[in-house]
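Subject: Structure handover

Hi,

Here is the structure I promised to pass on.

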Amino acid sequence: MASVPHIAVIGGGSTGAGIARDLSMRGLDVTLVEQGNLTHGTTGRMHGLLHSGGRYAVSDQKSAEECIEENRVLRDIAAHCVEMTGGLFVKRPEDTEEYFEEKLRGCETCGIPAEVVSGEEARAMEPHLAKDVDRAISVPDGAVDPFRLVVANAASASEHGARIETHSTVTDLLVEDGEVVGLEVEHASGAGKRVHGTEGGTEEIRADYVVNATGAWAGRIGDMAGLDVEVRPSKGVMTIMNTRQVDTVINRCRPKGDADIIVPHETTCILGTTDEEVEDPEDYPEEGWEVDMMLDTLSELVPMLAEARTIRSFWGVRPLYEPPDVGSEDPTDITRDYFLLDHEERDSLPGMTSIVGGKFTTYRMMGEEISDHVCGKFGIDADCRTAEVPLPGSEDFSVLRDYMDEFGLRSPIGRRSVERLGSRAEEVLQTNGPNPTVCACEGVTRAEIHDAIDGSGSDLNAVRIRTRASMGNCQGGFCVHRMASELHGRYDESVTRQAWDELLQERWKGQIHALWGEQLSQAMLNYALHATTQNRDHDPADGGSVDFTAFDGGPGRGDRSEAGVATDGGTADGD
Amino acid sequence: MAIESAVLVVGGGLAGLTSALSAAREGADVRLVSYKQSTLRNASGLVDILGYTPDGDGPRTDPYEAIPELPEEHPYRTVGVEAVREAMALFDDAVPDYRGSHTDRNALLPTHGGTIKPTARYPAGASAGLASDTRDVLLVGLEAMVDFDAEHAAAHLRAAGVPFDVRGVTIRFPGDLRADAKITRYAKLLDTDGEVAVRGRMRPAREALAERVNTELEGEARVGFPAILGDDRAADVRTALEERLGAAVFEVPMGPPSLPGLRLEDALFEALDAAGASIETGNPVVDHDGEGRVERVYVEKHGARIPYAADQYVLATGGLVGKGVESDRERVYEPIFDCHVPHAEDRYDWFEADAFGDHQFAGFGVRTDEGLRPTAADGAVEFENLRAAGSVLGGYDFAAEKSGSGVSIATGYAAGRRAAEEAR
């Protein structure tokens, strides 16, 4: 064993990135591998709620206590990822008094600051709440940007020497002499940052210890070593609205149920959700009735949602786990708590631990616990510092002063840039050339795009999650080609073209769940811009040759086509 | 009492303007009412007839030749090839600053992302940019303009195998326009040849721009700019730059807000005005009276519903983008006359999973008889005196085919002429 143990962490979600940060800050040598982008799995598909714990205050008090503790930590170490919107548990006339009281007592028991407000007071805070909402409990819920948070954790891990490998799928666990000694990965485009068109290849990563932090995918990794990790993936839909109909997190105050939360998130609101067990975390139905249920049920709380514009929907799978002896039938009964499965103790296979269950808000605590566990294996006595040391971007929040003049940005754009970048604003926005806006919906400038490209290579989806570019109302209609152009100069034209087309497809994927009314109109406009003007659906550069002489050579320049050169040329191959 | 005309055209886009023009030139008393800015500001200003067939064959060299192969429900089949030719002749006559009428062949033009596309008519200002021209090209981008990256576009054109050398450079526009300056700001500056500060000296903008580009020119015979070269005086701006550069100058067609699209709209409004039609913009048509025959429509003005009556009506309100076709979670509909719009019951059948798949929504719109009169589900004519033109028509995917402008012009022409004939 080397003097500094090398730990391989599988999974680039909040848990994996949190573990990588923690271990690397404790001086361990860390390699994190992730099959897609950072946040590719469940983390990138959550509603963005920073739990106060209120949602679990009745049914799962241990989780509730962990939530409020971590809620306070994240406000501190991840200030640039968190917006403290506050939250309300609102009660409609048909929701019971008993449960309302139970919720209130639960919050008190768990140490969650909670205050009862009248229906009128609630409507003063949120004017679009239904007229018949009669009471509410105010709690410190917030909104958190999972992308920014995970990228910041990974950046911090990198600063402490960790190696972060995205687009690297684990294809096998290396087991030698009854012990896990590493893993084999398949790189989509070679090691390091993703560059389209780069030759991939497999790599054997030997490690002194392996942490399986793949959430809903944990069973799949377990299978590679013949381990049975009984994660019960449960899907939930989230529907994104075009604007913030509410500025406070709105929860329905009733026992478990579908469609009971609205989270204001950046320029949007996210409606959630459902809870339905699925077999395969990558292959499950995404259906229109689920979207309809969000709009129809949540409009009981905020009536204007019934006619509001949604811009897309997405589904995530919770990595639920319960010890095999519990046997819950309904996934909503499964605890939101997390579990360390040490495969040495559990399965007599040393060298690996899986972490399953849990939730985004407590990612850091999970990271701390498993890092303690790993350090214990090596007799390393190093303190966890992740609760005290701010993440990159949140180091000095006095930077949220007026940056507009300093960076020559127009006010709303400047404010939004600085909110996203936090204490990194100066470093990112200080440029020599002009810094025009690339994504007008989200106010993302060229400098921010370039900073994201520095961090993620030619992958425009990774640029998107870092900056929010193409995530606004137009869903990339007006800016995807601009983002592609910003890649040019650093990457070849063919790389740029692949990244461009890939982002167009990705943006389309979620919009299909919002195709009616205004968003269908927007989708048609985008389609027209991309196909009619930009001819993205028949780009001659994508293959086939065009007989240029068969087409109009211009008035007054002798029309070669009429000189009898060609009769039926110009048909591109591959069409 | 209702405001009256022989022909009332609802909609001020390419189809509405063409149908009003065609009816007016037939001698009819025509009124055109249009609500908002037309979708032409989104359009590149290129006028396509047909670049690809519905099964993706193309780019076709001769759009007319491909028309008889189109499916029967295609609007081109409804009006027929001859009407398409006549319509284009009307367009060519009404919009003199366009080129391409010297041949039936399609032209290939690069647009702002550097992709080549087939089109049938192009603004004179884009004419030197044809991809079948073999003269070398320098593309000039502006540092602060994110919609056109000259180096990227040049590399993209090389990848498509264009028959000329092409290079891109990015310059700072002379003077000090701020980073998010609107394209109209550049155009205005060039229109007026306003003074800009270059190294402390004030210089006319055209001269300063040409001088800056001259330092980059390496003998290329053609120089392409983003489509910002003037608005009202675009030809003067181009000529001035050509003289100073000793090269042909062209604009690369761009996305919204598109100056070439807006110039086209202006040209058509002028032609329509010259033809003697009445034009009213700014208020929506919201409803109609009449069954089987449109008696009148209602225009909403300052909250009041004003009746407009005519003998013949043309519906040219656009498609999903222009809101001539609307939808909710359950259905797709035409909002003014509630004409039948065929669509699948389940909204999950309206699209394909691929971004450029064969989307049903792209073909949403009313269906018509041979006279362009919208028909009900059973095929019966909805109103004997209502005709539809342009994107409100269904049964074709203009984006995939590159046929939007041509269908608008052809059906606008045919609907306007029929309406004028009937109104006699």
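**Two helices in chain B**

In chain B, helix α1 (residues 14-25) and helix α11 (residues 404-423) have axes that come within 7 Å and cross at roughly 35°. Helices here are DSSP runs of H or I with at least four residues, strands are runs of E with at least two, and both are numbered from the N terminus. Axes are lines fitted to C-alpha atoms (for helices, over the stretch in contact), with angles running from 0 to 180 degrees between N-to-C directions.

Contact means that the C-beta atoms, placed from the backbone, lie within 7 Å. Sorted by class, the α1(B)-α11(B) contact has 10 nonpolar, 9 polar and 1 charged residues. For those classes, Ala, Val, Leu, Ile, Met, Phe, Trp, Tyr, Cys and Pro are nonpolar, Asp, Glu, Lys and Arg are charged, and the others, Gly among them, are polar.

Before you go further: this is a predicted model, in which local features need pLDDT of at least 70 and side-chain atom pairs count only at pLDDT 80 or more, while totals for chains, interfaces and linings use all residues. Residues are numbered from 1 along each chain as its sequence is written, and chains are lettered from A and ligands numbered from 1 in the order in which they are written.

**A sheet in chain B**

Chain B also has an open sheet of 4 strands, in the order β8-β7-β11-β12, with parallel pairing; a pair needs at least two DSSP bridges. β8 (166-171) and β12 (248-252) of chain B are the edge strands with a single partner each, so one side of each has no neighbour in the sheet. On average, neighbouring strands of this sheet are turned by 25° against each other, direction ignored. Inside it, β7 (residues 137-142) and β11 (residues 222-226) of chain B run parallel and are joined by 3 bridges, with B:Leu138 opposite B:Val223. Helix α5 (residues 150-159) of chain B packs on the sheet, touching β7 and β8 of chain B, and its direction makes about 170° with that of β8(B).

**Over to chain A**

Chain A has 17 helices and 23 strands. Its C-alpha trace spans about 90 × 65 × 50 Å along the principal axes.

One open sheet in chain A has 3 strands in the order β10-β11-β12, with antiparallel pairing. Its edges are β10 (168-176) and β12 (201-206), each with a single partner strand, so one side of each is left without a neighbour. The twist averages 25° from one strand to the next. β10(A) pairs with β11 (residues 179-187) of chain A over 8 bridges, and A:Ser168 sits opposite A:His187 in that strand.

**Where the chains meet**

How many residues does each chain put into the contact? Chain A gives 64 residues and chain B gives 64 residues. On the side of chain A that touches chain B, α17(A) gives the most, with 11 residues. That side divides into 23 nonpolar, 27 polar and 14 charged residues.

Cheers

Terms used. Contact = placed C-beta atoms within 7 Å.
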